[in-house]
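Me: I am new to this structure and would like to learn how to read it. Please take one feature at a time.

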Amino acid sequence: MRNKVVLRRLLANRQARYGLIALALLVVLAYFGPYIGAHDWSEKDFLSFLSAPSADHWWGTNQIGQDIYAVTLHGMQKSIVIGLLVAVISTGLAALVGASAGYFGGWLDRAMTWCVDLLLVLPSFLVVAVISPRLKNASWLWLVVLLAVFGWMITSRVVRSMTLSLREREYVLAARYMGIPGWRIILRHVLPNLSSLLIIDATLNVSGAILGETSLSYFGFGVQPPDVSLGTLIAAGSDKAVVYPWLFFFPAGLLVLLVLSVNLIGDGLRDALDPGSTR
Amino acid sequence: MGKYLLRRFAVNLILVAVAASLAYLLAASSLHPRANFAGRNPAPAVEVVDAALDDANINDKTPLLQRYGTWAAGVVHGDFGKTWEGGSVNDEMGRRIGVSLRLLFIGTVLGSALGVMVGAWAAIRQYRVSDRVIGVSSFVIMAIPVFVVATMLMIGVVGLNRAAGSTLIEYTGEYNPTLTGLDQLANRLNHLILPTISLCLGQIAYYSRIQRNMMLDVLGQDFVRTAMAKGLRRRTALFKHALRTALIPAATYFAFAFGTLLTGATFTEKIFGWHGMGAWLVDSIYTNDVNSVAAVNLFAAVCILIAGFLSDVIVAALDPRVRVS
């Protein structure tokens, strides 16, 4: 019942509708687009280096003859996957840490709050950048782990403060007096009550993670060759952007559209899941 | 109130110490300065390399904790150690810190002030065309990362300069060293235009969204109506009663926004060729320069905690309830 209401509200929300349509189109483009294109992303066309968009190479080629259309879509797949994985892991971490800190209180709460404060003192970009030399020759999944491990703090603060008020609710007290262990109360009563917040945050964390990954990759601290992502493509294209704009504008444009559509959905979800909202 | 701020200050000091130590340990364990010597031809003798690494306290044959001890003892006395080539980190920092602080200061002040103004204005004109335009553009700007904004500005300016036939707007470096006096000042300001825009746009968009929401919450409240009912002009009521109250929640976001500004400054410095702290971090990670990386991280931690401290002070100044309790 509630899911239906939420879905109806979400679809009635204009922002979210545009966001969903745009995201669906982008995902279809990323995963099915390569089959339509004439070239494979790993293929090098030695007859056209840095050629402008044409009928053969729709979005042009780069200095080693790769088809920008194929490479960009391949990179977008990686960026989407990284964004989704990081968002799910970091929101899950935030939920667990925030809820247990808020529910159990005491020294656990103090220790966790202190950890969060500490991690907030150093911007995650700096920390991951410093660790990044270890990512050379490592799987890109390590980048996902790093981005997730350094990206949950702000959500966990919100979760903690909301758990503090949930802890005093009658049904939670009743469960506690019945002798149900704390971790089970958290899983059964606390987290489901925070689900709207967590869904919204997970959505917005997707765009945050995509931006984080592209920012790191821009300096070579993120996705390592031979893997490509939107970030590495933008980095490769931006220093030639003045003379060969297609190297830069296609990946950058897709990145902005991707982030924009995810943010639209997140904002729409916020309205749809907010019980006080009138629409 | 003073006591509260003093305690916050003490806690912050400990946080900086722990964060800086963690950053050092991370940098020392994931960067390999020895690799810098490996590619040389002819290959230097192991003893020579060791001596050079020992001189800068970055030899991986020394236990990590011992290196950390030497580094920490130096930092406590204000000495940040040596770069991997043997230069002084302090000197390098002295050259760069002003560059970054200037960018950060301008970015913070312009970004927050303009953002708050734009957001408050949009709230007052809710649902009109101007509000919608501001809302949509801030939403779009927040989806564009700094390095894309900066590159796009650069492309635009190169096109503009080419169309004008002369360099109307400078797009690399900090100043032209051949100029003197007023020309120099004008040239410095000209060089500031693009970095400032690329840093501020995101901040303005972020603050304007927060401020608009907060302002809308406040505008419907009784005390604003009372203020107008007792005969205050609309402008006075909005500025003195509504905006002041709505600023409090925005001020608490100040510290967080500063963190993103700091990251953004790294891109701005690197793209526009400013030799600041952010560009230094990137370069010293490339060159496995442990002590420089640690120094930049310490700088970042201090900056963020100062921003947090300032945000506490601003909240206290705006909110009488905080001052009393």
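Predicted model: local features only at pLDDT ≥ 70, side-chain atom pairs only at ≥ 80, totals over all residues.

Reply: Residues are numbered from 1 along each chain as its sequence is written, while chains are lettered from A and ligands numbered from 1 in the order in which they are written.

Me: How many helices and strands does chain A have?

Reply: Helices (H or I, at least four residues) and strands (E, at least two) are DSSP runs, numbered from the N terminus. Chain A has 12 helices and zero strands.

Me: What share of chain A is buried?

Reply: A residue is buried if 20 or more other C-beta atoms lie within 10 Å of its own, exposed if 12 or fewer, and partly exposed in between, with C-beta atoms placed from the backbone. Of the 279 residues in chain A, 49% are buried.

Me: Which residues of H4(B) are buried, and where do they lie?

Reply: Helix H4 of chain B covers residues 64-76. Its buried residues include Arg67(B), Trp71(B) and Val75(B). They lie on the same side of H4(B), because they cover an arc of only 70° around the axis (taken from the directions from the helix axis to the C-beta atoms). The face turned away from that side carries the exposed residues Leu65(B), Gln66(B), Ala73(B) and Val76(B).

Me: What comes just after H4(B)?

Reply: Gly78(B), which takes a positive phi of about 85°.

Key. Expected span 1.5 Å × (residues − 1).
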